[in-house]
Amino acid sequence: MAVFFNGRLLTTPTVATRIDDSAMANKNLTVENNLAIIGQSVGGIPQTVIKLGNPQEAAEYFTSGELVDAIKKAFAPSAETNAPQAIYAVRVDPATQSHYVLAQDTVAVSDTVATITSASKQITLGTGPDTPADGEYDGWRVIMTSGGAIGETNLIETFTADGLVCDLRYDWKTDPSPGDTCDMVPAALALESTDYGAHTTRIKVKVAAGTSSGKYISTSFDGEEHIEDNLGAVYFTLHYTGAATSALVTVTTDTITVKAGVLSSEVEIASCDLTVYDTVSKVSDYFDTIADLSAEYTPKYRDYPTAGKFDFVEGVSIKETDPTDITANLQAIVDWFNGLSEPFVTAYRPAAAGVVPDNIAYTFLYGGTSTTPLTTDWQACFDVLQVEDVQCIVPLSSAAAVHAMAVAHCSYMSNAGAMERRCIVGGAIGETAAEVILRAYC
């Protein structure tokens, strides 16, 4: 029976040999040599794996701390040993972001002061609207005006009329107490620090009128400032050219409606569903097809999405000498915060928000915390590393319980996990030789 062997077809009985020298090849470029390090740091998202290719990235992402120090040493271990190809770093200590909720520039407050009767991520108002309805305060800002949490802001995500319960977006840094008071106004934006930890409470933000238009926004952190002036965007212009004495436009989250007719008795002549006409050019083209309406989009915003992006207006006249600007000034502020020009803060726009934020002097963010890791925090870090391609793992802890977790993790991964892995652990600084021997024995 003919067989293929070493690239040849053998048809008659014969003796054939082959020399396999593949094990002698340099494996540095073909075999992964990845190290995982778990430890505490000043910055970085907790219990999340971050792949690093050089020590500079460690300082940029985790700021400082024992995790950063260990990563720097691991990338330059000695003149005799190569560094790992990549380091998978995990911050173990729990930490939270800081935040600040900006109020709208134009507000209509029906209940300016309420009493907190239960604290945590959910509060119950002591008073409420005269005829409460579900969603009455959705997207509103709460700012504490008395008690230990005075000055802290939060965002009401859902309001339940039955019981006057407000579900909030953020945990309180200091829990309000029953009887504390707060002001509530519609929110414009919720600003959240990009980093996690107590140091993020040193971030401050300022909002002012733009020099010529829009808003002036500034963020500052430890002397580093980022500024943008005249923040705003005119997505398109709209003009009524008909014979009616009045023409008005109303813009909401997902609809732009135009009414025309006798003053105070206008009737609808066009309604644009922004979930259907989902780009600026499509919206402009839609209105351009309606009799007595003329629209023109700004070329740079041609393909920008529309639903939930426009500034809200109600009953604004478009029967003017000049076309009326349909703006997205609030979204321009969001885009600046969430773009590459500003590194400290990201912006969350509530669904009910459509008015630019009120002006404020420099104000610090609230809420960022860092706490000592518990045993469960270490275990969470080992768990997230189960799906990563690492060959060695180092927990920066002298605790025997953490070392036991590392051993159990490597044993599981090397067997059931089918990804061979080993761990390196060490004692505390200043341990005696006897203590080190005892630790190794145990």
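Is Leu164 buried or exposed? Leu164 is buried, with a relative accessible area of 16%. Keep in mind that this is a predicted model. Here's a quick tour, topic by topic.

- Leu164 isn't a glycine, yet its phi is positive, at about 55°.
- You'll find Leu164 in the loop that links strand 10 (153-160) and strand 11 (165-168).
- Ala418 also isn't a glycine, and its phi is positive, near 55°.
- Ala418 sits in the loop between helix 6 and strand 26 (422-423).
- While Leu164 is buried at 16% relative accessible area, Ala418 is exposed at 65%.

- Four strands make up an open sheet in the order 19-18-17-21, and their pairing is antiparallel.
- Strand 19 and strand 21 (313-317) are the edge strands: each has a single partner, so one side of each has no neighbour in the sheet.
- From one strand to the next, the twist averages 20°.
- Inside this sheet, strand 17 and strand 18 run antiparallel and are joined by six bridges.

**A closer look at Ala260**

- Ala260 belongs to strand 18 (residues 255-261), and it is buried, with a relative accessible area of 7%.
- Leaving aside residues up to four places away in sequence, Ala260 touches Tyr240, Ala244, Ser246, Ala247, Glu266, Val267 and Ile269.
- Ile318 is 58 residues from Ala260 in sequence, and their C-alpha atoms are 9.5 Å apart in space.

- Helix 3 lies across strand 18 and strand 19, and runs at about 155° to strand 19.
- The buried residues in helix 3 include Val280, Ser281, Val283, Ser284, Tyr286 and Phe287.
- Strand 16, strand 18, strand 19 and strand 20 are among the elements covering the buried residues of helix 3.
- The largest nonpolar core has 28 residues, and Phe236, Leu238, Ile256 and Phe287 are the ones that touch the most other members.
- Two or more residues of this core come from each of strand 16 (234-240), strand 17 (246-251), strand 18, strand 19 (267-273), helix 3 (280-288) and strand 20 (293-297).
- There's also a second, separate core of 23 residues, with Leu102, Val207, Leu330 and Val345 among them.

- Strand 9 (residues 140-144) is mostly covered, with five of its five residues buried.
- In a regular strand, side chains alternate between the two faces of the sheet.
- In strand 9, Trp140, Val142 and Met144 point one way, Arg141 and Ile143 point the other way, and all are buried.
- Strand 9 is joined by five bridges to strand 12 (residues 181-193), and the two run antiparallel.
- Across that pairing, Val142 stands opposite Met184 of strand 12.
- Strand 9 also runs antiparallel to strand 10, with three bridges between them.
- Here the bridge partner of Arg141 is Leu155 in strand 10.

**Helix 5, with one buried side**

- What are the buried residues of helix 5 (residues 375-384)? They are Asp377, Trp378, Cys381 and Phe382.
- These residues lie on the same side of helix 5 because they cover an arc of only 145° around the axis.
- An α-helix has 3.6 residues a turn, so residues three or four places apart point the same way.
- The cover over the buried residues of helix 5 includes strand 3 (34-39), strand 5 (86-91), strand 25 (392-395) and helix 6 (400-414).

**A histidine and its contacts**

- His226 has its place in strand 15 (residues 224-231).
- Its relative accessibility is 19%, so His226 counts as buried, the cut-off being under 20%.
- The side chains of His226 and Glu224 are joined by a polar contact of 2.9 Å.
- A polar atom in the side chain of His226 also lies 3.3 Å from the backbone oxygen of Ser341.
- Not counting residues up to four places away in sequence, His226 touches Ile217, Ser218, Thr219, Trp336, Ser341, Glu342, Pro343 and Phe344.

Terms used
Residues numbered from 1 in each chain as written. Predicted model: local features only at pLDDT ≥ 70, side-chain atom pairs only at ≥ 80, totals over all residues. Heavy atoms only, no water. Buried < 20%, exposed > 50% of the residue type's maximum accessible area, 1.4 Å probe, protein only. Arc of directions from axis to C-beta. Contact = heavy atoms within 4.5 Å. Pairing = 2+ DSSP bridges. Core = buried A, V, L, I, M, F, W, Y, C linked by side-chain atoms within 4.5 Å. Axes fitted to C-alpha atoms, helices over the stretch in contact; angles between N-to-C directions. Polar contact = N/O pair within 3.5 Å; in protein donor to acceptor, adjacent residues only side chain to side chain.
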